[in-house]
Structures are given as structure tokens and as C-alpha cells.
Amino acid sequence: MQGRKIILPVLIVLFTVSAAFCQTEALKTVVNNLAFYKQKKDLKYLSNAKKMADSLIKASADSLDLERNVYKAVVYSSILYIDSLNKLNQPAAFFSQTTALIDNLSANRKIYKFQADIDYAKNCLANVYIRKAFVYMNNSDFSNALQLFESAKKYAPSFKKINAYIAYSNSKLGNLRAAAQYYTDLIGSDSTKAEYVEAASNIYKSFGDTVTALDIVKKGRKVLPNDRSLLLDEANIYNNKKDYRSLVNLLPALLEINTNNADLAFVAANCYDHLNRYDKAESLYLHAIELNSSAYEPIFNLGLLYFKQSEIKQEGSNTQNAARAVQWLEKANEISPNDVRCLQVLQMVYTQTGNKEQINKVNNKLKQLTNQ
């Protein structure tokens, strides 16, 4: 029941050009050029919008005009986001100049009047940071990728998927506790994905903290109740803890979706066996053997099951169960002739049936094995 690998998707377009401008006559040309770009996808309109935005800020008094600077930020951030290949030949300092502008505007106490526009500009910057981060990530430079993803989060804190990118980068850098926390923060929201749940769970399991791992899986299953991988993950935790009373509640759903899985059939049989539900255990051991006739464990366990039943005082069934125990334990011994457990149970079965010849053979074999 292995966790699925986290697959980071290609950066997608998250935001569109804002239309929520508080227009004045002087700024209509800027807005019109942005609208033309949105319609025709021609970069010349972005270039024209930049020229007009720059021309509106000439004197020192203009540089303090909040509305004009917001338009400038919208245009500049649009260019950074859209013109990823820099076909408009912006200078090297263009990115840092834009981030400084947006940071200064964000700190202005009156910026709430242009909240939609400044949010748009920030979202554009976040996309640019993510795009740059993926370049580093594709080159396995997770340290620089992490720094850029964290910068993206600063500008778009509500975009939850950034947390997954930060978590993934941290895990690659060995910062497992930080990674687990970021993955955990994603669980329970609309951004929950099974791979995030499994990643967080697997990290805590690697720490030996199965309690937290189980809590995370349960929380994930509340949001994704039909996810098969999480159902298997929860069952795997119970099985490893030998918590058969919790595991048994998951078995009907597990068996329904994995009818031909020999390993799962064995796990289910073993669970019912430990809960003394021998009829179900017998049926599932036989099913596991039918699916994989060379597997040792279900054959041995079935023989052991029959031996346990043969020791229960049931009129007319003891001899039959003892014969079945011999049949399956001898088959298990053929598969693994040096398994001491199997030989010891055979020793008890042969003693029960009075087969002295076989008792002597088993005793000699055990003596050889234990003296090695």
C-alpha cells in the first residue's frame, strides 16, 4: 500500500486581466490597450499600455498619484506575467522595479480603493515567481525553487496549491517536518488531494508517529470518502498495528473494490482469523490461495486455522479439522521446508493424530535447524 508520488502540474493561467478599473479620462487609453490585448492577444497593445502608463507619470507630483501608479502596476505586472519570453525587451531590472512598486502600493493606507487591481497585480507576480521556481525545480535546484515559491505565497496567500509546491520542495531538501506541516495544512479544505494526504501520512510514519499519520488519513477520508488509496492506507496502518477491530470495519469496502487481490484477501483472512471469525477467515484464505497458489503465508495460516479448530471440542469435527491441518501444513512445508514455525505446528498435529513416524522426521529436522 504505497503512497502515490506527488506530481507537480505545469503552471496554469490562474488570473485574467482585471476589468474593475475606476477609470478617468486620462487613463482610458491605458485601459483600452489592455482590453485590446485581452481580445487580440497581440503584445503590441501591452507595449502601448506601458508607454501610456509611463507618460502619465512625468513630474514628481505625478509619481505620488495613487491611481496612476496602480495602473502602472497593473500594466507592468501584466507584461511580466504574459510576456514570459521578454519579446518586448524589458530591462533586467524590470522585475525588481515592478515588485518594489507593488510592495510600496500595498503599504499605502488608501490602497483599499483599488483592491481588485492591486490583487490582480499581486497575482501576476505570484505566477511569475511560480514560473521561475519551476525552472529551478526542473533542474533539481529545490533550494532556489523553495525561495521563489515562498515569495509567490507572499503575493497570493489564498492560492493553496503553492503550499503543495513548498511542501514538495521541503521534502526534497530533507525538511520533512516542514513538508508534513504544509501538506497537513492543505487537508480538510477544497484543495485536499489524496496525494497530499498520503505524503503527510508517509512522512509521519517515517518518524514512527503512526497516531498522527492515522489522524491525517482519517481527516483526508472525510473529505475524499471514495478515494481507494486512502482507504488502503488507513487499512494498512491498522494492519501494521495489529488493530484488527478497527481494520475489520474497512474490509467489506476493501474487498468489494479489490476482489482479485491476493495480498488483500490474505490480510482480510488474517484479520477475521484473529477475531475468531473462522468461517470468514477460511473462505478468504482459500480465495487468497486460489489467486496465488505459491504464496506461503495463506497456506500456512489456513493449516494453522484448521489445527486451532481441531483443538476445540466439537463433536465429529476434530478428526476432519486435524486432517485438513496436516494437508495444508505439509503443503506449506513443501514451499518452505526450513520454516521452524511450520515444523513446530506439524509436530503438534502429528502428536495429536498419533503419527509417530512423521513426529520422528519432524523432530530430526527441527534438531538440525536449531543446531545450525
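**Helix 19 against helix 20**

A: Helix 19 and helix 20 cross in a left-handed way (near helix turned anticlockwise from the far one by less than a right angle; helices are DSSP H or I runs of at least four residues, numbered from the N terminus). This is a predicted model, with local features needing pLDDT of at least 70 and side-chain atom pairs 80 or more, while totals for chains, interfaces and linings use all residues. Numbering starts from 1 along each chain, and side-chain values use heavy atoms, without hydrogens or water.

Helix 19 makes the contact (heavy atoms within 4.5 Å) through Val340, Leu343, Gln344, Leu346, Gln347, Tyr350 and Thr351, while helix 20 answers with Gln358, Ile359, Val362, Asn363, Lys365, Leu366 and Leu369. By class, that contact has eight nonpolar, five polar and one charged residues (nonpolar: Ala, Val, Leu, Ile, Met, Phe, Trp, Tyr, Cys, Pro; charged: Asp, Glu, Lys, Arg; polar: the others, Gly among them).

As for open space, the largest pocket (open 1 Å grid points for a 1.4 Å probe, protein on both sides within 12 Å along at least five of seven lines; lining atoms within 4 Å) has seven nonpolar, three polar and three charged lining residues. Helix 6 gives the most to this lining, with three residues.

Methods
Helix = DSSP H or I, 4+ residues; strand = E, 2+ residues; numbered from the N terminus.
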